[in-house]
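User: I would like to go through this model by question and answer, with the cut-offs behind each term spelled out once.

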Amino acid sequence: MNLSLPAPKLNANRTRHRGVAPAVALTMTLMTTACAVGPNYHAPDTHLQPFHSAAAVDMRQVTSTPPLDTWWEGFHDPELVRIEQRVLTQNLDLAAAIARVRQSRGAAEAATARLLPTLDFNPQASANRLSQEGLIGHVVRTIPSFHRDYRTYDVSGAASWEIDLFGGLRRGQEAARDEAEAAQMERVGERIMIAADAADAYFQIRGDQARLAVAEKQITVDAHLLELVRQRRTSGVSNERELAQAEALLQSARQTVPLLRIALEAQLNRLDVLMGVQPGTYAAELGTPSEIPAIPAIGGTNKPTDVLRRRPDILAAERRLAASNARIGAALGDYYPKLSLSGILGFQSINPQHLFTAPGFQAVGSGAIRWRIFDFGKIDAEVQQARGANTEALARYRLTVLHAAEDVENSFTTLVQTEQRSGELQTEVASLTRARDLSQQSFQAGVIPLTDVLDADRQLLDSQDQLALNRANAGRAAVSSFRALGGGWPT
């Protein structure tokens, strides 16, 4: 009986030891795969009704529909395409946005690295001289083999790991990743804005050039009228009042030229800065006036879901909402204990020949638990702050969606109404052209004086000026429509 007693005891020990390993493995699995604290993110359910202005845009009498990715090619203007290519490769705001994306990606990588252990390798060699009057030196200086001077050699590595038991670090990683994605969407939004700004400046340049040509013709007509009135005044047919009126008309025509040249120069400089060069660099290239290009069709205008998918500001707002949700979990993680493991492995010796030997080997391992038991409500305040930021982010997301819908509706309405006005102005120009021609015929027949002919010319030129301005505004409205739909980047 005595000999048989140890056997069951040994079996029990083996059974107990066999159960330790699975327990340890299970514990490590739970530490690495446990659910993270805090609410899981669910994208907000957003619905938009069809745009009420889309029907009028779809009824426009145009056939070609350019892809939204490169909408500027739909205007079939080589100069505009060349400008867009320069802007998208040279713009400095876009370069800064790309740099911000790199910063946010770096922050996301750092947040991921915090989940993993760190290892520091720290070899050291030091020369020492021990004081004989110090506590240790005063005791050992009487030893015959004592030497004040000695050297130490230390080759070791230190590892540390904060185990993410409750997922607070993982929530921080989620937030950093969402912020990086938001920065990427903001870079895309910067690209869309820059492309639209360049096209907007280009249409204003062409419009100002067309208006300058009309103003020069107006000055010629008014100068001819003034000369005619002077001749009539000399012959006694006209009076001083008519001469003063003619001079005022000429001065009125001339004073419009400086204003147009100021506006033209401002847009040329604006376009050069958008292309990342000093103002005046490409002014000569755009100095030759050109026709304002025709406006293409705008496809997919009645699909709000496409706007939600393409608009970078909406996508960025949604990513920031996700990041704020993850930060709630990161704040809640401070309610729970944190487990840290650390260790040092290496060799230390005062003799380099004995450094990498068994007696010189040293090892230190430690584990620590940190738990904020009482902090005067600091964690509560941090959680409250995170929840408030999430509520704010949700409101900002919904507001961004509404502003996007507003942007689309306003752009569509402006485009339709401006094109309608262009049609009416073209009709007016055609009528005034016929009136001017009939006036010339009547003047040649001796029915009306030349002043009536010149007055008809002035009315025609004024209408042509309004038409040039309105056609440029229609082009700008089309650019605004493409921008509002999120056009200008491949999805």
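This is a predicted model: local features need pLDDT of at least 70, side-chain atom pairs count only at pLDDT 80 or more; totals for chains, interfaces and linings use all residues.

Analyst: Residues are numbered from 1 along each chain as its sequence is written, and side-chain values use heavy atoms, with hydrogens and water left out.

User: How far apart are the centres of domain 1 and domain 2?

Analyst: Domain bounds come from an automatic or database domain assignment, and the chain is divided into domain 1 (45–115 + 165–336 + 378–485) and domain 2 (120–163 + 338–370). Taken over C-alpha atoms, the separation of the two centres is 70 Å.

User: What area is buried between domain 1 and domain 2?

Analyst: Six residues of domain 1 are in contact with six residues of domain 2, where contact means heavy atoms within 4.5 Å. Buried area is the accessible area (1.4 Å probe) that two parts lose on being put together, summed over both. Carbon and sulfur atoms give 48% of the area buried between domain 1 and domain 2, which is about 460 Å².

User: What is the volume of the largest cavity?

Analyst: Grid points are joined across faces, edges and corners, and a volume is the space filled by probe spheres set on the points. By that definition, the volume of the largest cavity is about 70 Å³.

User: Which element gives the most to the lining of the largest pocket?

Analyst: The largest pocket has a volume of about 330 Å³, and of its 14 lining residues the closest to its centre are Ala210, Val214, Glu291, Ala468 and Arg471. Helices (H or I, at least four residues) and strands (E, at least two) are DSSP runs, numbered from the N terminus, and the elements that give two or more residues to this lining are helix 6 and helix 11 (450–484). The one that gives the most, with six residues, is helix 6.

User: Is histidine 76 buried or exposed?

Analyst: Histidine 76 has a positive phi of about 55° although it is not a glycine, and its place is the loop between helix 2 (54–58) and helix 3 (78–90). Buried means under 20% relative accessible area, exposed over 50%, and partly exposed in between (1.4 Å probe, protein chains only). Since its relative accessibility is 65%, histidine 76 counts as exposed.

User: Which residues does threonine 118 touch, not counting residues up to four places away in sequence?

Analyst: Threonine 118 lies in strand 1 (residues 118–121) and is partly exposed, with a relative accessible area of 38%. With residues up to four places away in sequence left out, threonine 118 touches Ala158, Ala159 and Ser160.

Terms used. On a 1 Å grid over the protein atoms alone, a cavity is a set of points where a 1.4 Å probe fits but cannot get out, and a pocket is an open set with protein on both sides within 12 Å along at least five of seven lines; lining residues have an atom within 4 Å of a point.
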